[in-house]
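The structure is shown first.

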Amino acid sequence: MSRPRGRPAQGTGVTREMILHAALALLDERGGQGLGMRALASRLGVTPMSLYHHVEDHAGLLRALSDEVYAKVLKGIEAHGTCREDIREILIRYHDAVRRHPQLTLAIFATPAAFAGVTREITDRLTALLQTVTPEPELWRDILIDHAHGSGLPSSGDGTFTAPTAPDDSAYRRALDCLLDSLAT
């Protein structure tokens, strides 16, 4: 049995999974400003340098987190049927992920180098699907993704963002259906 990589400051080492779990918890609790490599290492009880055996830098950490959180968005989409149904399902899943971890979405906005991997795949897949239903796929992709962000990142009114209190997304779904209906006309 191999020992986890990373020199422990006061523990038994650290794994990539442990890093991602702790990083997501820090991000959800403290926002993007609270997710630093030193704070993450402190939470894990390891030296900051030991984290770099598993992620190359802060942007790499955010990419790994986004791949983890958004992984289910595209899973099994091929089986749904029509383009409209696929677009709707991708956006509903993406909206759900944004609502669950709004601070991750905000951190990706603030760190353009973190926009890659699964988040790029979601964008590319939406663009490809929209190309079959509109002559302006990039415009509609941006409108639909911005709508998911706007609904999934509720503002508290003082400039800070808070996670929604209720998991009800019926208003988002109704608005999304209106947008998709107008896309078809």
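**Burial, helices and salt bridges**

Q: Is H149 buried or exposed?
A: Buried means under 20% relative accessible area, exposed over 50%, and partly exposed in between (1.4 Å probe, protein chains only). H149 counts as buried because its relative accessibility is 11%. This is a predicted model, where local features need pLDDT of at least 70, side-chain atom pairs count only at pLDDT 80 or more, and totals for chains, interfaces and linings use all residues. Residues are numbered from 1 along each chain as its sequence is written, and side-chain values use heavy atoms, with hydrogens and water left out.

Q: Which residues is H149 in contact with, leaving aside its neighbours within four places in sequence?
A: Contact means heavy atoms within 4.5 Å. H149 is in contact with Y94, V98, T105 and F109, leaving aside those neighbours.

Q: Where does H149 lie?
A: Helices (H or I, at least four residues) and strands (E, at least two) are DSSP runs, numbered from the N terminus. H149 lies in helix α8, residues 137–152. In helix α5, the buried residues include Y94 and V98.

Q: How many salt bridges does a search of the whole structure find?
A: A salt bridge is a side-chain nitrogen of Lys or Arg within 4 Å of a carboxyl oxygen of Asp or Glu. The search finds 10. One of them joins the side chains of R84 and D181 (2.7 Å, N to O). This pair links distant parts of the chain, with R84 in helix α5 and D181 in helix α9 (residues 170–184), 97 residues apart.
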